[in-house]
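This report goes through selected features of one protein model. Please keep the sequence and the structure in view while reading.

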Amino acid sequence: MGCSSCSTGKDGQPRGCQNNGTCGTDGCNKLTVFDWLSNMSLPNGHEPFDCVEVRFKNSRKEFFRNKENLTLSIGDVVATECSPGHDVGVVTLVGELVKVQMKKKKVDFKDENLPKVYRKASQKDIDIWQAARDREAEVQKRSRELAISLKLQMKISDVEFQGDGSKATFYYTAEERVDFRQLIKDMARTFSTRIEMRQIGYRQEAARLGGIGSCGRELCCSTWLTDFRSVNTASARYQQLSLNPQKLAGQCGKLKCCLNYELDAYLDALNDFPSQDQRLKTKKGDAVCQKIDIFKQLMWFCYEGEWANWFILTTSQVKEIISLNKKKQLVAGLEEYALDLTEDTKTEFENVVGQDSLTRFDKPKGTKGRSKNKKRRNNNRRKRSDNA
């Protein structure tokens with residue numbers, strides 16, 4: 001995601017805002033909320049909502065109360081209350097929409113114990129904040145070396161310094177419980193700051209780091225997806241997908257969240273299908289279902305014992321045969337109901353890339369080399385015949 005002024009340079013830095021995802025226009029930030037009430041004035045006698053949404057590193061957002069009645073707008077850098085010291089973040093939302101976001105995230109906006117906004121960040125606050133952020137890559141590398149030296153089965157995926165540089169939060173993933181008491185002592189001695197360890201899941205790790213999915217787009221969890229619903233292999237089965245772990249898993253190593261996006265539509269479509277366990281009774285024997293096509297409303301059946309010969313039926317035809325079987329009537333065979341989809345399949349899937357004839361990429365390898373060798377042999381034969 002990028003604002004209109006951002007374009008990537010050779011070193012990976014944006015040429016436009018030069019702020020690495022924290023630009024003042026808030027156009028290239030993750031999980032940005034569009035303030036569609038920004039150009040509307042409040043009715044008479046209605047006081048503006050005194051809470052604001054502040055974004056910190058990556059997608060971490062928190063809500064703060066503006067007790068000092070500061071004039072804040074989206075993109076302002078503010079110093080917020082933190083224990084201990086203060087933190088520095090960017091205002092991402094103000095006004096009545098903050099109340100909607102707090103309700104969505106189940107935060108009580110009437111709570112008086114909400115942390116407050118101290119002030120707009122001064123140049124000194126911003127300098128300390130930027131210096132702390134510049135240390136994060138080096139600190140992360142050194143912390144991984146310390147964890148490896150202690151032989152801890154954990155992966156430190158991200159480091160976030162507090163705005164005043166007094167505390168560093170280390171985000172890590174681990175499959176089992178890790179005793180990192182000695183690691184905290186070593187890191188506190190090495191980095192001379194307070195250390196906080198926070199374990200996150202593999203999906204949360206992918207959301208914090210970001211990346212490009214197999215679809216070619218940015219990861220949903222790092223751009224707009226805020227809740228992680230459970231995904232199981234049944235979602236793939238309902239959608240007739242191959243149960244290949246390499247294709248179904250995302251960058252986090254878990255099943256892709258997008259497997260749930262179209263699941264409801266598939267379940268609704270399957271309601272019109274007869275049960276795949278239903279046998280069709282004919283005079284030639286019982287027929288069993290082999291596969292289905294949800295989009296074309298088709299089902300493939302074969303007789304028991306004749307597994308190589310399949311018959312294509314529509315769902316309406318299958319329902320008709322089932323209704324006759326319930327009346328204890330047997331159809332002559334599936335041949336009179338079967339459809340011939342050979343021509344349709346050929347025209348639909350023959351030219352996937354829109355090429356009507358054989359292209360140069362379709363020639364067998366080595367054709368050019370063989371033609372040169374043939375010419376060379378013919379020339380040698382002519383020379384030998386001339387010399388003779």
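## Salt bridges

The model is a predicted one. Its structure holds 22 salt bridges. Side chains of opposite charge can pair when their charged atoms come close.

R208 forms a salt bridge with D158, and their closest N and O atoms are 3.0 Å apart. Because R208 belongs to helix α5 (residues 202–209) and D158 to strand β6, this pair ties together parts that are 50 residues apart in sequence. R208 has a relative accessibility of 10%, so it counts as buried. D158 is buried as well, with a relative accessible area of 5%; the cut-off for buried is under 20%.

R208 and D158 also take part in a network of salt bridges, in which they are linked with K57, R60, E62, D87, E136 and E160.

K281 forms a salt bridge with D286, where the closest N and O atoms are 3.8 Å apart. Are these two residues buried or partly exposed? K281 counts as partly exposed, at 39% relative accessibility. D286 is also partly exposed, at 26%.

Another salt bridge joins K284 and E335, with 3.2 Å between the closest N and O atoms. K284 lies in the loop between β9 (280–282) and β10 (285–293), and E335 lies in the loop between α10 (315–326) and α11 (342–349), so the pair ties together parts that are 51 residues apart in sequence. K284 is exposed, its relative accessible area being 53%. E335 is partly exposed, with a value of 39%.

## V331 and its contacts

The loop between α10 and α11 also holds V331. At 5% relative accessibility, V331 counts as buried. Which residues does V331 touch, leaving aside residues up to four places away in sequence? They are K281, T282, K283, I321, L324, E336 and Y337.

One of these contacts, T282, is 49 residues away from V331 along the chain, yet the C-alpha atoms of the two are separated by 5.0 Å.

Strands of a sheet pair through backbone hydrogen bonds, either parallel or antiparallel. In this model, an open sheet of 3 strands has the order β6-β7-β8, and its pairing is mixed. β6 and β8 stand at the edges and have a single partner strand each, so one side of each is left without a neighbour in the sheet. On average, neighbouring strands of this sheet are turned by 25° against each other, direction ignored.

How do the strands pair? Strand β6 (residues 155–161) and β7 pair in the antiparallel sense, over 6 bridges. In this pairing, I156 stands opposite Y172 of β7. The hairpin of β6 and β7 has 5 residues between the strands, and G165 there takes a positive phi near 75°. On the other pairing, β7 and strand β8 (residues 194–199) run in the parallel sense, again over 6 bridges. Here Y171 stands opposite R198 of β8.

## Strand β7

Is strand β7 buried or exposed? Of the 7 residues of β7 (residues 167–173), 7 are buried, so the strand is largely enclosed by the rest of the structure.

In a regular strand the side chains alternate between the two faces of the sheet. In β7, K167, T169, Y171 and T173 point one way, while A168, F170 and Y172 point the other way. Residues of both groups are buried.

## Helices across the sheet

Helix α3 (residues 136–149) lies across β6 and β7, and runs at about 145° to β6. Helix α4 lies across β7 and β8, running at about 135° to β8.

The helix α4 (residues 181–191) also forms part of a right-handed β-α-β unit, together with β7 and β8.

Note on methods: Residues numbered from 1 in each chain as written. Predicted model: local features only at pLDDT ≥ 70, side-chain atom pairs only at ≥ 80, totals over all residues. Heavy atoms only, no water. Buried < 20%, exposed > 50% of the residue type's maximum accessible area, 1.4 Å probe, protein only. Helix = DSSP H or I, 4+ residues; strand = E, 2+ residues; numbered from the N terminus. Pairing = 2+ DSSP bridges. Right-handed = clockwise from strand over helix to strand, strands pointing away. Salt bridge = Lys/Arg side-chain N within 4 Å of Asp/Glu carboxyl O. Contact = heavy atoms within 4.5 Å. Axes fitted to C-alpha atoms, helices over the stretch in contact; angles between N-to-C directions.
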